[in-house]
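Trainee: I would like to go through some labels and see what each one rests on.
Mentor: Fine. Ask away.

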Amino acid sequence: MVKFLEYLKEAEKRIQIADHIIYVTFPLLKDKKLLLKMLLEIKNALSNCINSILQYEYIYKRIQLYNNARD
């Protein structure tokens with residue numbers, strides 16, 4: 001499968017996890033650590049979305065990706 005689609009599927013999975021935590025688990029347990037976990041899941045989802053966009057643009061030769069950030 002194309003790598004940018006894998007990133008999108010992973011982002012969707014993470015968003016579903018965060019949604020479940022905030023609307024189902026947190027109201028039951030009222031543990032503030034769950035809010036931290038939810039924020040981490042959202043951060044990972046955003047990271048996967050950005051990676052997906054970069055991979056898509058790279059596939060269609062609109063940008064060049066480098067291993068070294070200074071290039």
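Trainee: What makes Glu-41 and Arg-14 a salt bridge?
Mentor: Their side chains meet at 3.2 Å, N to O. The cut-off is a Lys or Arg side-chain nitrogen within 4 Å of an Asp or Glu carboxyl oxygen, so the label holds. Glu-41 lies in helix H2 and Arg-14 in helix H1, so the pair ties together parts 27 residues apart in sequence. This is a predicted model: local features need pLDDT of at least 70, side-chain atom pairs count only at pLDDT 80 or more, and totals for chains, interfaces and linings use all residues. Residues are numbered from 1 along each chain as its sequence is written, and side-chain values use heavy atoms, without hydrogens and water.

Trainee: Why is Glu-41 called buried?
Mentor: Its relative accessible area is 4%. Buried means under 20%, exposed over 50%, partly exposed in between (1.4 Å probe, protein chains only). Arg-14, at 23%, therefore counts as partly exposed.

Trainee: Why are H1 and H2 called roughly antiparallel?
Mentor: Helix H1 (residues 3-29) and helix H2 (residues 33-59) pack at about 165°. Angles under 35 degrees count as roughly parallel, over 145 as roughly antiparallel, 65 to 115 as roughly perpendicular, the rest as oblique. H1 and H2 are therefore roughly antiparallel.

Technical notes
Axes fitted to C-alpha atoms, helices over the stretch in contact; angles between N-to-C directions. Helix = DSSP H or I, 4+ residues; strand = E, 2+ residues; numbered from the N terminus.
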